[in-house]
Amino acid sequence: MKVMRQLSIFALVSSVSIAALAQKTAVQSIEEYRALLADGNPAELFEAKGEALWKQKRGPKNASLEKCDLGKGPGVVKGAFVELPRYFADTNRVQDLESRLVSCMETLQGINATEIINAAFGKGEKANVTALATWIATESKGMRFNLPQSHEKEKVFYEVGKRLFFQRAGAHDFACATCHSKDNIRIRLQDLPNLTKNPGDGIGFAAWPAYRVSNGQMWSMQHRLNDCYRQQRFPFPGYISDATVALGSYLGVNAKGAASIAPAIKR
Amino acid sequence: MADPMRIRAAVAGDKATVRVLMSHEMETGQRKDSAGKVIPAWHITEVTATHNGKPVFAAEWGGSVSKNPFLQFVVKGAKAGDKFSVTWKDNKGESRTDEATAT
């Protein structure tokens, strides 16, 4: 009897460890796949396009974006990405990278902001914003997120973002938190990062903008958030709206200390 | 005009590994748009590369190659400072040539 019990415990233990092993292997092979792809990450094409767009004189005012202040002074690009979203005195708003770029394109170059906001992702000037964001993010590659939280509005945006993150609604009664508030869970083979804290280097907020191999598109954080809401069967949030910037503030502040790997490559 | 390629050529010993990223839609001609109409094929048909002006690589491509393709090949007898030039042509008659110096 005793032998039997020991045997069954052994069988149980070994079946659990085999399952754990198989799971590990699947995740590892995805990592290997990503490492293979990373060598020829087409995000580099968007990076090059973004850098050229930053320096090129464009728009009705025929100006470049080199005087654009991304939070560290006019024209300073390096390190700007890991401190966004933040408060900007000239617009009296908390802005993320894309929202700030649209402001700069409007004030410096005279490009119509409403047209950018209403365009489809990957089309016209909105595609240019994504390319610019890709290049600017790349300039901060390896640096650690450290969003400022000293201004009153920055604190408000963080709190609003937190509430949006936990707000359950829509046809499926879903919230961001439904999938992203626990450790070590997955949808099929995709790891779901816990975004209520720092999920680690290059995970979650620190992994975008990224190139998606499956559809050949370069995705910015705004595009990523838009798709999160699509997956939750919510109405689409407005591009660079305060709600999306607030969510970005919440994710960005939580990611404090995480190293950015942008531009990343995704399945 | 087509966006530029990204070309890197890294020398190790007497060989250079050339890595090329091309910016292209690579539409297969088999997909349909939201209105149900076939999206016309638009893809690279020919890729050639030269090493200091001498042809070293030629390929015929079709619609099965991915969007924004990545190409890698090794050239023997290369040294730092050598010039690599890559050209693609597509089925609309458009083409693009870019150059890189081996390091």
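## Interface between the chains

In this predicted model, 7 residues of chain A are in contact with 10 residues of chain B; contact requires that the C-beta atoms of two residues, placed from the backbone, lie within 7 Å. The side of chain A that touches chain B has 3 nonpolar, 2 polar and 2 charged residues. In this classification Ala, Val, Leu, Ile, Met, Phe, Trp, Tyr, Cys and Pro are nonpolar, Asp, Glu, Lys and Arg are charged, and the others, Gly among them, are polar.

Residues are numbered from 1 along each chain as its sequence is written, and chains are lettered from A and ligands numbered from 1 in the order of writing. Because the model is predicted, local features need pLDDT of at least 70 and side-chain atom pairs count only at pLDDT 80 or more, while totals for chains, interfaces and linings use all residues.

## Chain A: overall architecture and confidence

Chain A contains 9 helices and 7 strands, which are DSSP runs numbered from the N terminus (helices: H or I, at least four residues; strands: E, at least two). The C-alpha trace of chain A spans about 85 × 40 × 35 Å along its principal axes. Of the 267 residues in chain A, 35% are buried, a residue being buried if 20 or more other C-beta atoms, placed from the backbone, lie within 10 Å of its own C-beta atom, exposed if 12 or fewer do, and partly exposed in between. Among contacts in chain A with a separation of 6 or more, 71% join residues 24 or more positions apart.

Chain A has a mean pLDDT of 89, and 91% of its residues reach 70 or more; pLDDT is the predictor's confidence in each residue, from 0 to 100. Where pLDDT is low, predicted coordinates should not be read in detail.

Helix α6 (residues 152-166) and helix α9 (residues 242-254) of chain A pack at an angle of about 95°, with their axes 7 Å apart. Axes are lines fitted to C-alpha atoms, for helices over the stretch in contact, and angles run from 0 to 180 degrees between N-to-C directions. α6(A) and α9(A) are therefore roughly perpendicular, a term covering 65 to 115 degrees, whereas angles under 35 degrees are roughly parallel, those over 145 roughly antiparallel and the rest oblique. Residues making the contact include A:F157, A:Y158 and A:L164 of α6(A) and A:V245, A:L247 and A:Y250 of α9(A). By class, this contact has 11 nonpolar, 2 polar and 2 charged residues.

Chain A also has an open sheet of 3 strands in the order β6-β5-β7, with mixed pairing; two strands pair if DSSP finds at least two bridges between them. Its edge strands are β6 (217-219) and β7 (264-266), each pairing on one side only. Strand β5 (residues 210-212) of chain A pairs with β6(A) in the antiparallel sense over 3 bridges, and A:W219 is the bridge partner of A:A210.

## Chain B: an all-strand chain

Chain B has 0 helices and 7 strands. Its C-alpha atoms fill a box of roughly 55 × 20 × 20 Å along the principal axes, and buried residues make up 26% of its 103 residues.

Strand β3 (residues 44-51) of chain B pairs in the antiparallel sense with strand β6 (residues 83-90) of chain B over 7 bridges, with B:T50 opposite B:S85. β3(B) also pairs in the antiparallel sense with strand β4 (residues 54-60) of chain B, over 6 bridges; here B:T48 stands opposite B:A58. The hairpin of β3(B) and β4(B) has 2 residues between the strands, and B:N52 takes a positive phi near 50°.
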